[in-house]
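Please have the sequence and the coordinates open while I speak.

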Amino acid sequence: MNYRILTLDGGGAWALIEVRALIALYGKDTKGHAVLSDFDMVAANSGGSLVLGGLVEDLTLGELLGYFEDEKKRRSIFSPTTSLGDWALQRLTGLGPKYSAEGKLPALQKLLSKRGNLALPDAIAGVRRAGLPVDVHLLIVGFDYDRNRATFFRSRVAGGPQLGKGDVAGVTLAEAIHASTNAPVNYFDGPAQFHDRPERYWDGGLTGCNNPVLTAVTEAMVLGQAPTDIVALSLGTGTVVMPLAKPGSQPSPYETARGVSSLVADLRKLATSILDDPPDVSTFISHVMTGSGKNLPPPAQSRIVRMNPMISPTWDAAQKKWTAPGQMTVAQFKYLANLDVDAVEQQQVEAIADFADLWLAGKTSNQAIRMDRDTLKPELGYGTFPEAVAGWNKVKG
């Protein structure tokens, strides 16, 4: 029997893409516990941890999608900071926090009213894969602000001889999500804090685990799973991938121009780089760790299946130029490519949802495990969502 992992990337309101993928796989009326019980472990970061919270709350996938589509619920999480200094800094430089960290935890507790205030082991109690004696293992990623170290909020101990002990988290489900979703600098105005403990946290993306699949595969091995018994479904929240314009040439709307380095530009790049996850890092290492896809029946290529839409152009061989995918206009493509993670306005969320439609229909690219950086063609993994679904159905057993 294989060991199944579901991982959920960070990405703010873009996490609605993960819910749409789950709806495509399971159906809109399927409840969260039914999805969770199809896996042995679920690992999540940031926006993905909010998706996990909705699954643990046992919402239907349609109800969970409403967390992201309902503007009032979105704004309860992204409530504005009250600092005039932060507001002025944003207006002058485009840098600085926009949202209140203090207001986020009560909003999460309200959204997760049934299980949000339970400790992680209690929140997931009784939810398990059919025929197994243990509950689904939860793993949520955060960053300890004062220790400058990764923090892993677990629902049970993960350790053993010569491995040390990964302790159970002493926090509630809502608190773990609060810690994991607290993106710094350009988003929230301070570290996430809890009322009865001194620890403070930033977003788990600062650990390099915005895509938590490598963390989850490692955790499974610590729990005693053989690498080739592990299969993982890695869901993403969208990523912008464009070819680099040639030096000295005028870049098209579908190419990345070389930026001018400056203090403000570099600070802005650093503030948003926690959300980046090149496909040849976490997913590829996990692919190698789990056997490099050897001895799998076609069309399976790997025990790691990545489902993540790419905002990237397609190559028109006849006209020898890059074009927008899925009959998108230039304006639509540029709008999506420049849309920030904290999409709160209804128009922004609707644009993300429309993009998800194209991806689910196979009309825009899926992020491969490895691809050619110049042609954007997959070298390993699945180039479209339907191909990734076929691969997952084959390896999940």
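Let me begin with a question: does Gln327 count as buried or exposed? Before I answer, please note that this is a predicted model, in which local features need pLDDT of at least 70 and side-chain atom pairs count only at pLDDT 80 or more, whereas totals for chains, interfaces and linings use all residues. Residues are numbered from 1 along each chain as its sequence is written, and side-chain values use heavy atoms, with hydrogens and water left out.

Now to the answer: Gln327 counts as exposed, because its relative accessibility is 79%, where buried means under 20% relative accessible area, exposed over 50%, and partly exposed in between, with a 1.4 Å probe and protein chains only. Although Gln327 is not a glycine, its phi is positive, at about 60°.

Asp58 also has a positive phi in a residue other than glycine, near 70°, and it lies in the loop between helix 3 and helix 4. Asp58 is buried, with a relative accessible area of 17%. A further backbone detail is the cis peptide bond from Pro298 to Pro299, with omega near 5°; Pro299 belongs to the loop between helix 12 (282–289) and strand 11 (304–307).

Let me turn to helix packing. Helix 9 (residues 173–180) is largely enclosed by the rest of the structure, because eight of its eight residues are buried. The axes of helix 3 (residues 47–56) and helix 9 come within 9 Å and cross at roughly 165°, the axes being lines fitted to C-alpha atoms, for helices over the stretch in contact, with angles running from 0 to 180 degrees between N-to-C directions. The two helices, helix 3 and helix 9, are therefore roughly antiparallel to each other, a term used for angles over 145 degrees. On the helix 3 side the contact (heavy atoms within 4.5 Å) is made by Ser49, Leu50, Gly53 and Val56, and on the helix 9 side by Leu173, Ile177 and Ser180.

Ser234 counts as buried, at 0% relative accessibility.

Finally, the aromatic rings. The structure holds eleven aromatic pairs, where rings of Phe, Tyr and Trp (its six-membered ring) pair if their centres lie within 6.5 Å. One of them joins Phe39 and Trp392, which are stacked (planes under 30 degrees apart), at 6.2 Å centre to centre and with 15° between the planes. This pair links distant parts of the chain, since Phe39 is in the loop between helix 2 (32–36) and strand 2 (41–45) and Trp392 is in helix 15 (residues 385–395), 353 residues apart. Phe39 counts as buried at 0% relative accessibility, and Trp392 counts as buried at 2%. Elsewhere, Phe78, Tyr99 and Phe188 form one aromatic cluster.

Notes
Helix = DSSP H or I, 4+ residues; strand = E, 2+ residues; numbered from the N terminus. Parallel < 35°, antiparallel > 145°, perpendicular 65-115°, else oblique. Phe/Tyr/Trp six-rings, centres within 6.5 Å; stacked < 30°, edge-to-face > 60°.
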